[in-house]
Amino acid sequence: MTVRAKILKALILGAPASGKGTISSRIVKKYNVEHVSSGDKLRDHIEKQTDLGKEVKRYLNEGKLVPDDVMIKFMITELKKVENKPWLLDGFPRTVAQADALWKIQPVDVVLNLVVPFDVIIDRVKNRWVHLPSGRVYNIGFNTPKVMGKDDVTGEDLIQRPDDKPEAVRKRLEIYENITRPVINYYKERGILKEFEGKTSDEIWPKVTVYLDPIFKNTQ
Ligand code: G5P
Ligand code: MG
């Protein structure tokens, strides 16, 4: 494939807990791109109790989407900060309105979609632990922290996300089916979507590198 710009702009899509954060951190390490995760950024605002954090907290806790107008304004500002760098966007866009807004300011080159069965996902969230300041994520039995409840790098406390409670996970999966799935078609129609299927991130990762290696070679 040919890539429009020298500075690669990529997206990663997938259901809640499909492994977007996990695969993103491997992409960041291998290809040296900026990881822009809408969820991590919102959680950071909540943690710091900023005005935005106070405004969005209840949406995240209940597993509901933050309204489009708030989200679009926020992410456009965040993307401006990294406009001269290659980036990988994770968690945004999640509605067709968000996808349209993004396309107007920055058409993207590559869209990766992770396809993981829902029963696998429901199992995973029960065991997820996160380090909020860095967004590092662990899963007991998959990438277990060296010391239970502590971040490997800083030794700080890990937490379980409020939206990983069963009722919030159900809500997130329902929203994904009804509202976010059309975003996949949005990029399919533009011919830039690539799907990666698997039950584990280790199964998906080699397929991602086979796809991305030549793309990154062409942009460097
Ligand atoms: P987020 O933060 O974008 P989600 O729900 O899309 O949240 P999430 O939960 O962050 O996605 P992920 O990044 O896809 O999941 O997955 P992950 O964290 O890498 O992996 C999940 C778990 O499985 C981890 O514990 C990981 O270690 C483990 N794992 C990975 N691979 C494997 C494996 O192979 N095996 C096993 N056993 N484990 C594995 O959005 C959160 C909220 O923010 C708001 C919304 O309220 C949203 O609900 N928000 C937005 N609202 C509106 N518009 C937007 N654009 C928004 N963006 C965020
Ligand atoms: Mg994530």
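This is a predicted model: local features need pLDDT of at least 70, side-chain atom pairs count only at pLDDT 80 or more; totals for chains, interfaces and linings use all residues.
Figure 1. Helices here are DSSP runs (H or I) of at least four residues and strands are runs (E) of at least two, numbered from the N terminus. Residues are counted from 1 along each chain as its sequence is written, while chains get letters from A and ligands get numbers from 1, in the order written. Local features need pLDDT of at least 70 and side-chain atom pairs need 80 or more, though totals for chains, interfaces and linings use all residues, and side-chain values use heavy atoms, with hydrogens and water left out.

**Figure 2. Ligand 1 and the residues around it.** There are 34 residues around ligand 1, each with a heavy atom within 4 Å of it. Thr 22, Lys 64, Arg 94, Arg 172 and Ser 201 come nearest. Split by class, this shell has 13 nonpolar, twelve polar and nine charged residues. (Nonpolar is Ala, Val, Leu, Ile, Met, Phe, Trp, Tyr, Cys and Pro; charged is Asp, Glu, Lys and Arg; the others, with Gly, are polar.) Helix α2 gives the largest share of the shell, four residues.

Figure 3. Look for pairs of N or O atoms within 3.5 Å. The side chain of Ser 201 has an N or O atom 2.6 Å from a nitrogen atom of ligand 1, and Ser 38 has one 2.7 Å from a nitrogen atom of the ligand. Arg 128 puts a polar side-chain atom 2.7 Å from an oxygen atom of ligand 1. On its own, ligand 1 has 1000 Å² of accessible area (Shrake-Rupley, 1.4 Å probe), and the protein covers 94% of it. Two or more residues of the shell come from each of α1 (20–31), α2 (38–47), α3 (51–62) and β6 (136–139).

Figure 4. One set from the unreviewed UniProt entry marks Arg 128, Val 137, Tyr 138 and Ser 201. These residues span 74 positions in sequence, but no two of their C-alpha atoms are more than 14.2 Å apart, so they gather at one spot. Val 137 belongs to strand β6.

Figure 5. Most residues other than glycine have a negative phi, and most peptide bonds are trans. Ala 17, though not a glycine, has a positive phi of about 65 degrees; look for Ala 17 in the loop between β1 (9–14) and α1. The bond from Phe 92 to Pro 93 is cis, with omega near 5 degrees. Pro 93 lies in the loop between β3 and α5, and Gly 91 sits in the loop between β3 (87–90) and α5 (96–105).

Figure 6. The structure has one cavity of 30 Å³ or more, meaning a set of points on a 1 Å grid where a 1.4 Å probe fits but cannot get out. The largest cavity holds about 40 Å³ of space, counted as the space filled by probe spheres set on the points. Its lining, residues with an atom within 4 Å of a point, has nine nonpolar residues, no polar and no charged. Among them are Leu 8, Ile 27, Val 110 and Phe 216. Strand β4 (110–115) and helix α8 (201–219) each supply at least two of the lining residues.

Conventions: On a 1 Å grid over the protein atoms alone, a cavity is a set of points where a 1.4 Å probe fits but cannot get out, and a pocket is an open set with protein on both sides within 12 Å along at least five of seven lines; lining residues have an atom within 4 Å of a point. A polar contact is a pair of N or O atoms within 3.5 Å; within protein, one must be able to donate a hydrogen and the other to accept it, and residues adjacent in sequence count only if both atoms are side-chain atoms. UniProt positions are given in the numbering used here, feature names are shortened, and annotations may be inferred rather than shown by experiment.
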